[in-house]
Each structure stands twice: as structure tokens, then as C-alpha cells.
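This briefing concerns one predicted model.

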Amino acid sequence: LICFRHLDLSSFESVRRFVARIRHDRERVDVLVNNAGIYRCPHWLTVDGHEMHFGINHLGHFLLTVLLLDRLVACKPSRIVNVSSLGHKRGQIDFDNLNFSRPGSYDPRTAYCRSKLANVLFTRELSRRLEGGRLGVTVNVLHPGIVFTNLGRHVFGGFWGFVKAMLFTPLALLFLKTPWEGAQTSIHCTLAEDLDGISGEYFVDCRRGDVADVAKDTELARRLWEVSEELTGEQLKLTFNW
């Protein structure tokens, strides 16, 4: 049975409504896959006033995960899977300019890579707080590959975007992954029995990979967590009956 529920990750209110509905409709949450995202969009803000990449790709997933964590704990062993990108290796976190509010500072690729770095930092910090899976909930992060979907629609907008798309599509069909292929690492991290108890790791093509050095910065991860709590108004309370 597959059920669909509306969720707008650019709205904290929508996230909270979604979680309330899940709590009402479902007794169990065994796996949470944070896969939604946006790529190289114009300089937009979410309804809560956050830069769109950071708001959707990171803050929305952060809030969703924190609000569902007690249900995941109740269903342990359970798993959280975060979808990041190889682009995290080009990411930097500027806490003084998260919204790119400085004139001329916005660059869509920079914003995207920042949000993907945030996914990895969030994963590693959450794993640390969950004692590396020893408390029954594991969390891992992955790069799905470059997948041929409409995620790049903002790159190929307008007339010249259409021209680029016409030139790019034949090459994409040869070298990019299909959606089915792009889903395999997410499925692996969700279901593979040999990943029981494995947490805080980064996966590429269903194998463990290496993250950028900046993604290993524990102080940066801790600060990002604290800032995310402040921006979402939600704190993780580890007061469960483990």
C-alpha cells in the first residue's frame, strides 16, 4: 500500500502539519529518506524567510527528522537516509550570510553546494548525538550520482536554456544515470542488512566513500546544528525510553 501526503519543505508549518498527519495515521516509522531537493534556482526565499536551497535541502529536512525521531526510536532498529551530493565538496558555510543578503553575493551553484554540505554535516552530528547507531537509530548520507531528471529545470530555463537542453540531452542519455539507477544507493542504505548498526557514513554507488575535509569538522557540524535549532525553533530532546 502506497499513500501520498502533501509536504512543502519550504514551509515549517507544512512540515509540522505533515508530521501531525503521520502521527495520526501511522503507528510506525521504520525508515526516513530525506530525498527532496532543489537545484540552482534563482535567489528565492522560503515562506519563513530562508534562502531556498538552504531552507528546502537542509532546514526542512532537519525539522522533519527532529519531529519524527521519537517515532523512529519507538520502531528501532530504524534508519535515516539523507541524500546529499558530490557537490558538498565545493560547499562552504557562511553563517553571517546564510541568505546571501550581501549585494551581489548570490550564486546558485554556491547555494546548492552549501546546502549539500549541510546535509553531510547534519548527518554526522545527528549520528554523534545518537551515539553512532548504538541507540537503535542509524543515519547515513549518500551521493546518488548525476541523475537525468527535471532537477536541472532552472539551469535550462529561457530560450538559451532550451538551446542548451537540446545540446545536452543526447549526452545526458549516454552518461547520466536513469532515475532507477540513481535510486539504488538510497535503496541500499535503506535495506542492506550489512549496514545494520552502521551510522554517520557517506555512500556512493552503494559503497562507502570519502567526504570533503570540511565535512569532517565536528565544530562546524555542532554549530550548524545549533543554528538550525534556532532557525526552526525545534530542539532535539533525547529523553526517550531507549
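Strand β2 (residues 78-83) is mostly covered, with 6 of its 6 residues buried. In a regular strand, side chains alternate between the two faces of the sheet. Both faces of β2 are covered in this predicted model.

**Burial of β2**
- On one side, Ser 78, Ile 80 and Asn 82 are all buried.

**Neighbouring strands and crossovers**
- Strand β1 (residues 31-34) runs parallel to β2 and is joined to it by 4 bridges.
- Val 33 stands opposite Val 81 in β2, and the chain passes from β1 through α2 to β2 in a right-handed β-α-β crossover.
- Strand β3 (residues 137-143) also runs parallel to β2, and 6 bridges join the two.
- Ile 80 stands opposite Val 139 in β3, and the β-α-β crossover from β2 through α3 to β3 is right-handed.

**Aromatic cluster**
- The model contains 5 aromatic pairs; one of them is the tilted pair of Phe 62 and Phe 122, at 5.5 Å centre to centre with 55 degrees between the planes.
- Phe 62 lies in helix α2 (residues 52-74) and Phe 122 in helix α3 (residues 108-129), so this pair ties together parts 60 residues apart in sequence.
- The rings of Phe 62 and Trp 225 have centres 4.9 Å apart and planes at 75 degrees, so this pair is edge-to-face.
- Trp 225 belongs to helix α7 (residues 218-232), and its pairing with Phe 62 in helix α2 links parts of the chain 163 residues apart.
- Ring pairs link Phe 62, Phe 122 and Trp 225 into a cluster; Phe 62 and Phe 122 are buried, as is Trp 225.

Definitions and conventions
Residues are numbered from 1 along each chain as its sequence is written. This is a predicted model: local features need pLDDT of at least 70, side-chain atom pairs count only at pLDDT 80 or more; totals for chains, interfaces and linings use all residues. Side-chain values use heavy atoms; hydrogens and water are left out. Rings of Phe, Tyr and Trp (its six-membered ring) pair if their centres lie within 6.5 Å; planes under 30 degrees apart count as stacked, over 60 as edge-to-face and the rest as tilted. Buried means under 20% relative accessible area, exposed over 50%, partly exposed in between (1.4 Å probe, protein chains only). Two strands pair if DSSP finds at least two bridges between them. A crossover is right-handed if, with the strands pointing away from the viewer, the path from the first strand over the helix to the second runs clockwise.
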